[in-house]
Amino acid sequence: DAAAQQLGQTENANNREIISGMNKLGSAAPATQAGAGEALSGTLGARDARAQALISARYSQARAANGRSAELDPDAFVTRANSLIDEALLGDKIPPAVRNILNKKWTQVINDGKPPVPGAPAPAAAPLTVDMAEQFKTSIAGLQRASTDAAERKALGYVRQALDETPLLPGQDIGQEAINAFTRARKLNRSYMQIVEKTPALAAVRDGVEPDKFVNTYITGNGKDSTIAAQQALRSSIKGDPLAVTTVREQIIEHLKAKALGRASDEVGNVSQSAFNKALKDIGDERLAIWFPQKDID
């Protein structure tokens with residue numbers, strides 16, 4: 001029956017058309033998931049290295065600036081910090097090392113927070129220099145990142161705010177150059193860390209990620225690390241490397257084709273319309289639009 005044969009031929013033609021269409025979009029010979037993960041990790045790692053080098057250069061400039069030994073007003077700092085903390089009723093949320101800062105035990109804090117040696121003479125009160133204030137800010141930032149207590153992070157933020165607002169003592173105007181240099185360096189570092197926090201894939205590369213899990217976790221998966229916002233951030237982080245963007249596209253297409261064909265080869269696989277549609281729905285139009293022009297999505 002010619003009509004009956006035509007149905008089978010049409011199905012085979014449809015199979016070939018869908019497979020061919022996906023291959024043209026980049027799934028003809030894509031890298032393996034591990035290979036793609038390694039390549040993308042390399043791109044993100046290079047991006048991170050460039051950012052770290054720039055931040056390091058800014059801090060080097062700040063450390064070379066005049067006025068690092070200029071003195072800030074310690075009384076103004078302590079008064080302002082305690083005022084902010086008391087108004088917010090967060091006095092019990094200050095860690096001991098930071099409480100030492102507010103008690104002007106600068107030497108104890110700088111010495112890794114270790115208490116004085118029993119029987120040793122008490123260290124002389126040290127001035128609150130620009131350089132010392134920057135060390136405190138670094139310590140406070142580390143405590144904030146490590147804390148899971150929102151109230152404690154807020155209290156630490158008030159101490160940091162008080163340090164930022166502390167004026168130089170009279171006659172210490174040269175210290176403003178160093179303050180401005182450190183402010184620029186910290187601003188750059190803070191901006192970059194905000195990018196890292198919004199880009200789970202970049203954060204994972206900084207921590208060390210397994211390449212074979214990269215694609216499923218940060219591109220084709222449906223977890224918290226592959227949300228629309230996370231993929232927009234990833235796209236922004238690798239936009240300077242067209243090959244990396246192409247690699248992501250290839251992995252998405254390969255994922256869709258594998259679902260449609262049940263991971264069978266192009267030559268013997270039959271497209272499952274339901275499986276293909278489900279895979280498309282799982283990826284979603286919004287995520288597809290991050291990586292593909294509309295004509296490819298169509």
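Which residues are buried in H9? In this predicted model, the buried positions of H9 are Pro200, Ala201, Leu202, Ala204 and Val205. These buried residues pack against H2 and H8, and also against helix H10 (211–220) and helix H11 (228–238). Just after H9, Gly208 adopts a positive phi of about 100°.

On the H2 side, the contact is made by Ser41, Leu44, Gly45, Asp48 and Gln52; H9 contributes Ala201, Leu202, Val205 and Arg206. By residue class, the contact of H2 with H9 comprises 4 nonpolar, 3 polar and 2 charged residues. Ala201, Leu202 and Val205, which take part in this contact, are also among the buried residues of H9.

H9 (200–207) also takes part in the lining of the largest pocket, supplying at least two residues. At least two lining residues likewise come from each of helix H6 (130–146), helix H7 (150–165) and helix H8 (175–198). The volume of this largest pocket is about 760 Å³, and 27 residues line the space. Ala141, Arg145, Arg160, Asn189 and Arg190 lie nearest the centre of the largest pocket. H8 provides the largest share of the lining, with 10 residues. The lining of the largest pocket divides into 11 nonpolar, 6 polar and 10 charged residues.

The second largest pocket has a volume of about 250 Å³. Of the 13 residues lining the second largest pocket, Leu25, Phe276, Leu280, Asp296 and Ile297 are the closest to its centre. Five elements each supply at least two residues of this lining: helix H1 (2–27), helix H12 (242–261), helix H13 (273–283), helix H14 (285–291) and helix H15 (294–297). The greatest contribution to the lining of the second largest pocket is that of H1, with 3 residues. In composition, the lining of the second largest pocket consists of 9 nonpolar, 1 polar and 3 charged residues.

Conventions. Residues numbered from 1 in each chain as written. Predicted model: local features only at pLDDT ≥ 70, side-chain atom pairs only at ≥ 80, totals over all residues. Heavy atoms only, no water. 1 Å grid on protein atoms, 1.4 Å probe; cavity = no way out; pocket = protein on both sides within 12 Å on 5 of 7 lines; lining within 4 Å. Points joined across faces, edges and corners; volume = space filled by probe spheres on them. Helix = DSSP H or I, 4+ residues; strand = E, 2+ residues; numbered from the N terminus. Nonpolar A, V, L, I, M, F, W, Y, C, P; charged D, E, K, R; others polar. Contact = heavy atoms within 4.5 Å. Buried < 20%, exposed > 50% of the residue type's maximum accessible area, 1.4 Å probe, protein only.
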